[in-house]
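Visitor: I would like to learn how to read surface patches and salt bridges in a model. Could you take me through some cases?

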Amino acid sequence: MIRAYRRDGSAEIIGIEPQASNISDDIIWIDLIKPSRDEEHFVESRIGIPLPTPDELKDIEPSSRLYVEHDAIYMTASLLYRADSTYPLLTDVAFILHRGRLITIRYAEPKAFELFSASLLRLNGQCDTGAKLLGHLLETIVDRTAEILETLAARLDALSITVFVNRKAAKRRPPRFLEDKLLDIASHHQLVGKVRDSLVSLSRLVLFLQSQPAVRREEDAAELCGLVVRDLQSLGEHAAFVANNITFMLDASLGLINVEQNAIIKIFSIASVVFLPPTLVASIYGMNFQFMPELGWNFGYPMALFAMLLSAIIPFLFFRWKGWL
């Protein structure tokens, strides 16, 4: 699909029928969403420059993602999408500046594009060039990334409250409670990892964009790029802080699991030690030798029971005195 935006913020869908006219000069942004090869050829024939293919977008070499060719600035960044789902993903998006017009190519739909396209009418003509439009678009992408990080931080706070509870509540936890929380921590770790990869990609793109003479000549566009660079730096620090919190949560959860397992093993160990002396007494009087004086006593059976009980109580009281129970 080819969606075009005019300078006043209005949008239209461009068809590729043979009778379709050339792209109007009033169109400042051409957004190709999961374009077919025919749609790519149509746009290439109208704007006069080649468009990167999906395979070229996946190239990780800096020279293949950020370059100038055919009087156009080609830039590719990895953006986060499906951030609210269980499996967040990264998608490569191409940004092309050519003769005052912005062309974007994407094969997924990050929410930032939807938010920015909805806000174009409110910009009141502030995006009269492709460079300014790209600056505002990058600003929206950064704002969306900041929102994702804030939501992730709130989820981590809620998770920490459920994990680090008082001892009475911890005793009432359902089985495998902490193990289930490890899966939540793993999903948060995956999300923050995707966010950091996206921030690195965006930082490289904006720094490259700042170095272009066509952008430096536009004061507003250069100022927007400077703001985006500062926002990306602060978001990078915030993402590192969130990642450290996730690492702490992971280590703490694993530590709590070990503590609970050790407590269970300690209970079994103490129980075996407590019942060992009574077992010894019962074994002695269960040997049934012919000459055992206690076998003829009237109070031999109660004495054996009392000896077993006493031999169990003494170790138990000793463990309580040492603070092991």
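Visitor: Where is the place of Ile 284?

Guide: Ile 284 is in helix α9 (residues 219–284); helices here are DSSP runs (H or I, at least four residues) and strands are runs of E, at least two, numbered from the N terminus. The model is predicted, so local features need pLDDT of at least 70 and side-chain atom pairs 80 or more, while totals for chains, interfaces and linings use all residues. Residues are numbered from 1 along each chain as its sequence is written, and side-chain values use heavy atoms, leaving out hydrogens and water.

Visitor: Is Ile 284 buried, partly exposed or exposed?

Guide: Buried means under 20% relative accessible area, exposed over 50%, and partly exposed in between (1.4 Å probe, protein chains only). Ile 284 has 38%, so the residue is partly exposed.

Visitor: How many salt bridges are there?

Guide: A salt bridge is a side-chain nitrogen of Lys or Arg within 4 Å of a carboxyl oxygen of Asp or Glu. By this rule there are 7. One of them joins Arg 106 and Asp 31 at 2.6 Å, N to O. Arg 106 belongs to strand β7 (residues 101–106) and Asp 31 to strand β3 (residues 27–33), so the pair ties together parts 75 residues apart in sequence. Both residues, Arg 106 and Asp 31, are buried.

Visitor: Which residues are linked with Asp 84 in a network of salt bridges?

Guide: Arg 144 and Glu 147 share that network with Asp 84. The Asp 84–Arg 144 contact is 3.7 Å, N to O. Asp 84 is exposed at 55% relative accessible area, whereas Arg 144, at 9%, counts as buried.
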